[in-house]
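Hi everyone, thanks for coming.

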Amino acid sequence: MDIDKLRKETPGTKNVLHFNNAGASLMPRSVSDAVINYQREESLWGGYETANKYRQSINETYDVIANFINAKPTEIALIENATVAWNMAFWAIDFCEGDRILTSKAEYASNYISYLKLKKEVSVKVEVIPSDNAGQTSVEALEQLMDDRVKLISITHIPTNSGLVNPIEEIGEIAHSYSCLYLVDACQSVGQYPINVQKIGCDMLSATGRKYLRGPRGTGFLYVNKDVLADLTPPFVDLHAAEWTSSGDYKIRNDARRFENWEMNYAGILGLKEAVSYANTIGITSIWNRIVGLAEELRTKLIELPNVTVQDIGKTKGGLVTFTVDGHSTNEIQKELHKKGINISTSSIKSTRLDMEERNLTEVVRASIHYYNTRQEIEQFIITLSTILD
Ligand SMILES: *Cc1c(COP(=O)(O)O)cnc(C)c1O
């Protein structure tokens, strides 16, 4: 990986030390150019006319994403963010009273709120799969929980608040031996970790553009396996997702675009397409290996600082590095680092209540590393953090 070249292609690296890639990564110039150029064309020639002119290029986005996660283009829906993508899939499932939903301890708040809402409406059972000693979803515990009443296994792959990487491929093997559905929240993993939907064996997977994919904000996508598409009725359909075939009837599309709606941010979509192509050119395995190495280096250095506790869990750890500091609030650390040109984030119990409650945490500092970050930046981060803690 030619890091100098990749950093030159990322103008933001000149301005800031960016360890907030789990929030929103710095876009490569080619991504922001794709967005800006398209938007300019719209302003000069008209939105509909520009969309017609670029229709083929826009449509290629489905191929590029499908290729990146080993799916078919007809299994991809372009959706404005991961939350809407996830909800379109979740609320398409025909739940009945007594159905069981098995989920992970690190589940993202928005997902869990949806389980609770559904539980109020349909009396489903929401059960949390225990974690193993390393802190990841226990595959053995899952196996013991399985029976024919399990309607859905719903797992957050890489949570927002720790280094954890859940074993989604092993979970997929269990899902496969039952007739349940398997939904993966891959919001923090697409662009970071090699996602292969065939290998995972998931039925549905949601992702966002702005995080590890380095795409523009307000972009995302949903993968839905072609074998379950027909059984999943989107919670709402418009004239794009369905055709009004007679005054008394309509017909829903038979590909994953049944989860889309008509109006789209085409500038953002072309940016997303460029972001996926960009990651693909670098190679997702190289990306993952570099992230793992850099993040581990940061953890090793953080552990040496007085009053700092690294809070990451899991057997395999990814690019999200989280820690707490005795005597300093996470907001204070974020603010002080920002003054010194360093972007990081914080994560609170409001995002991952089950996991944080169990570990007696209310908030953590989150420094999320990407491949374009460097060892020098880690060094500089540690030095700056030490001066703040002094
Ligand atoms: C950020 C995040 C989401 C939400 O993604 P949006 O694109 O903001 O909708 C969902 N799940 C996890 C694990 C996240 O980190």
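Let me start with a question: which residue lies over the face of Trp 91? It is Lys 117, at 4.5 Å from the ring centre. Arg 257 lies over the face of Tyr 62, at 3.6 Å from the ring centre. For a charge to sit over a ring, NZ of Lys or CZ of Arg has to be within 6 Å of the ring centre and within 35 degrees of the ring normal.

A quick word on the source: this is a predicted model, where local features need pLDDT of at least 70 and side-chain atom pairs count only at pLDDT 80 or more, while totals for chains, interfaces and linings use all residues. Residues are numbered from 1 along each chain as its sequence is written, and side-chain values use heavy atoms, with hydrogens and water left out.

Now the ring pairs. Rings of Phe, Tyr and Trp (its six-membered ring) pair if their centres lie within 6.5 Å; planes under 30 degrees apart are stacked, over 60 edge-to-face, and the rest tilted. That rule gives 12 aromatic pairs. One of them is Tyr 38 with Tyr 54, edge-to-face, at 5.7 Å centre to centre and 70° between the planes. Tyr 38 is buried, at 3% relative accessible area, and Tyr 54 is partly exposed at 24%; buried means under 20%, exposed over 50%, partly exposed in between (1.4 Å probe, protein chains only).

Tyr 48 and Trp 262 form a tilted pair, 5.7 Å centre to centre with 55° between the planes. Here Tyr 48 is exposed at 58%, and Trp 262 is partly exposed at 40%.

Finally, back to Trp 91: ring pairs link this residue with Trp 86, Phe 90, Phe 95, Tyr 112 and Tyr 115 into a cluster.
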